[in-house]
Amino acid sequence: MSNAAALSEEPALRVRALSWLWPSATAAFLLLIHVAPVVALVRGARAADWVAFGVGYAIASFGAVGGLHRYFAHASFRTSRPFQLVIAVAGCAVGGDPISFTARHRRHHRLADTGADVHGPHQGWFSCWFGTLLDYGMSEREMLHLAPDLAAWPELRWLHRWSFVPALGAAAV
C-alpha cells in the first residue's frame, strides 16, 4: 500500500470532519497575530515582550515563506531531513501543514490566470493574500494527488493529521 493510500484511509483524518472549525480557527489565528502587536502598543509592553515577539515573528515568517512556500511548495532549495521537520513545524504554527499548503499552492499555480484560481488577484486582495490559508475546499484525495512527494515522509503525514498541535504550542508560548 502506498503512503498516500495509507494516509487517506487512516481514521485520524476524521479530525478534519468539522468543516466550519478549521477555517474559523485559521481566521481567528490570523486576526490574533495581527491585533496582538496593536494591543501591546496600546497597553504597553516590556522590552523582553518585543524581543520575544520579534524572534517569534522571524521564526513564523521563515516557516511560512521560506518553509511552506519556497521549500515545500516550490522545492526551491534542499536541506536535511531534521531541518525539514523544523521548518515544517514552524510552518504549521502559522500557515498550516506542508501537505495541505503545498497542494493548495500547486493547484493555484495550475489554475493561475483563470477564473478557477481562488487565490488570484482577480478575486481581490484578501483572497490573494489569505485565500490559501482559508481555502479548505480540497478533498484529501486531491491534496495527496498534488503533493505525493511530501506524503512519503511519515513526520509530514503526522503533521498533516495533527497540524493544530504546533499552532497550540506557539500560542502557549
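A residue counts as buried when its relative accessible area is under 20%, exposed when that area is over 50%, and partly exposed in between (1.4 Å probe, protein chains only). Keep that scale handy for the tour.

The model on your screen is predicted, so local features need pLDDT of at least 70 and side-chain atom pairs count only at pLDDT 80 or more, while totals for chains, interfaces and linings use all residues. Residues are numbered from 1 along each chain as its sequence is written, and side-chain values use heavy atoms, with hydrogens and water left out.

**Stop 1: two helices**

Select residues 81-94, which form helix H4, and then residues 154-161, which form helix H9. Helices here are DSSP runs (H or I, at least four residues), numbered from the N terminus. Two packed helices are described by the angle between their axes and the distance between the axes. The axes of H4 and H9 come within 10 Å and cross at roughly 10°. Each axis is a line fitted to C-alpha atoms over the stretch in contact, and angles run from 0 to 180 degrees between N-to-C directions. H4 and H9 are therefore roughly parallel to each other (angles under 35 degrees count as roughly parallel).

Now show the side chains where they meet. From H4, pick Arg81, Gln84, Leu85, Ala88, Val89 and Cys92; their partners in H9 are Pro154, Glu155, Leu156 and Leu159. Contact means heavy atoms within 4.5 Å. These residues of the H4 and H9 contact divide into 7 nonpolar, 1 polar and 2 charged.

**Stop 2**

Side chains of opposite charge can pair when their charged atoms come close. A salt bridge here is a side-chain nitrogen of Lys or Arg within 4 Å of a carboxyl oxygen of Asp or Glu, and the count comes to 3.

Select Glu155 and Arg81: the closest N and O atoms of this salt bridge are 2.7 Å apart. Glu155 lies in H9 and Arg81 in H4, so the pair ties together parts that are 74 residues apart in sequence. Glu155 is buried at 17% relative accessibility, whereas Arg81 is partly exposed at 40%.

**Stop 3: Asp149 and Arg106**

Next, select Asp149 and Arg106, a salt bridge with its closest N and O atoms 2.9 Å apart. Asp149 sits in helix H8 (residues 148-151) and Arg106 in helix H5 (residues 98-110), 43 residues apart. Asp149 is partly exposed at 38%; Arg106 is buried at 18%.

**Stop 4: Asp49 and Arg46**

Finally, select Asp49 and Arg46. Their closest N and O atoms are 3.2 Å apart in a salt bridge. Is Arg46 buried or exposed? Arg46 is exposed, with a relative accessible area of 59%, while Asp49 is partly exposed at 33%.

Terms used:
Angles under 35 degrees count as roughly parallel, over 145 as roughly antiparallel, 65 to 115 as roughly perpendicular and the rest as oblique. Ala, Val, Leu, Ile, Met, Phe, Trp, Tyr, Cys and Pro count as nonpolar, Asp, Glu, Lys and Arg as charged, and the others, Gly among them, as polar.
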